[in-house]
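Here is a short report on a predicted model. It covers the surface, the sheet and the cores.

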Amino acid sequence: MINNLKIKFVEYVYADHNYSKSVKENLYALIEQIKPGQAGLNVGAGNSKLHPQIKNLDIKNGANIDYVGSAENLPFGNNLFDLIITQETLEHVSDPFKAICEISRRGVSPLLK
C-alpha cells in the first residue's frame, strides 16, 4: 500500500511537469525543428520514443533504448548531436555538473543550425 502511494505521488505530483501542456508544446516545437540528416539524443530516456531521429540513452537497457551509458560519461564523440534532451534525469546522477558538461560537449553549437 505504501509503495503504491509513493509511486502515485511521484507520478502525479513530483514528476508531472513532463506531462504539462507547456512542457509538451515546447518540447515538440523544438523537436519539429530537426532537419533530415540531423540527429538527437535523449539522455535518461526511459521508455520514451520522441522522434525517429532522436536516439535514446539510458543507464539500463530496455524498450526503445538505443545506447546504454551514463549521463556523466556519454559514449560518443564531441559535437555529434544537433539536439540533446534530458528530462527528470539530472536529479538521479551522482554528479549532475559532470553530466551537464558531458551533454554540452556532445552537442553541436549552435543548437539546430
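## Exposed residue and surface patch

I2 counts as exposed because its relative accessibility is 59% (exposed is over 50%, buried under 20%, partly exposed in between; 1.4 Å probe, protein chains only). I2 lies in helix α1, residues 2-14. Helices are DSSP runs of H or I with at least four residues, strands are E runs of at least two, and both are numbered from the N terminus.

M1, I2 and L5 form a nonpolar surface patch of about 380 Å². Patch residues have over 30% relative accessible area and no salt bridge, and nonpolar side chains are joined within 5 Å.

## Basis of the model

The model is predicted: local features need pLDDT of at least 70, side-chain atom pairs count only at pLDDT 80 or more, and totals for chains, interfaces and linings use all residues. Residues are numbered from 1 along each chain, and side-chain values use heavy atoms, without hydrogens or water.

## Sheet

Four strands make an open sheet in the order β3-β2-β1-β4, with parallel pairing (pairing needs at least two DSSP bridges). β3 (67-68) and β4 (83-86) are the edges; each has a single partner strand, so one side of each lacks a neighbour in the sheet.

β1 pairs with β2 (residues 54-58) in the parallel sense over four bridges. N42 stands opposite N56 in β2.

## Cores

The largest nonpolar core has 11 residues, among them L41, V43, A71, F76 and I103. Core members are buried nonpolar residues joined through side-chain atoms within 4.5 Å. β1 (40-43) and α3 (96-106) each give two or more residues to this core.

A second, separate core of seven residues includes I34, L50, I54 and L83.

Notes: Patches are made of residues with over 30% relative accessible area and no salt bridge: like charges are joined within 9 Å, nonpolar side chains (Val, Leu, Ile, Met, Phe, Trp, Tyr) within 5 Å. Accessible areas come from the Shrake-Rupley method with a 1.4 Å probe; for residues, only the protein chains shown count as cover. A salt bridge is a side-chain nitrogen of Lys or Arg within 4 Å of a carboxyl oxygen of Asp or Glu.
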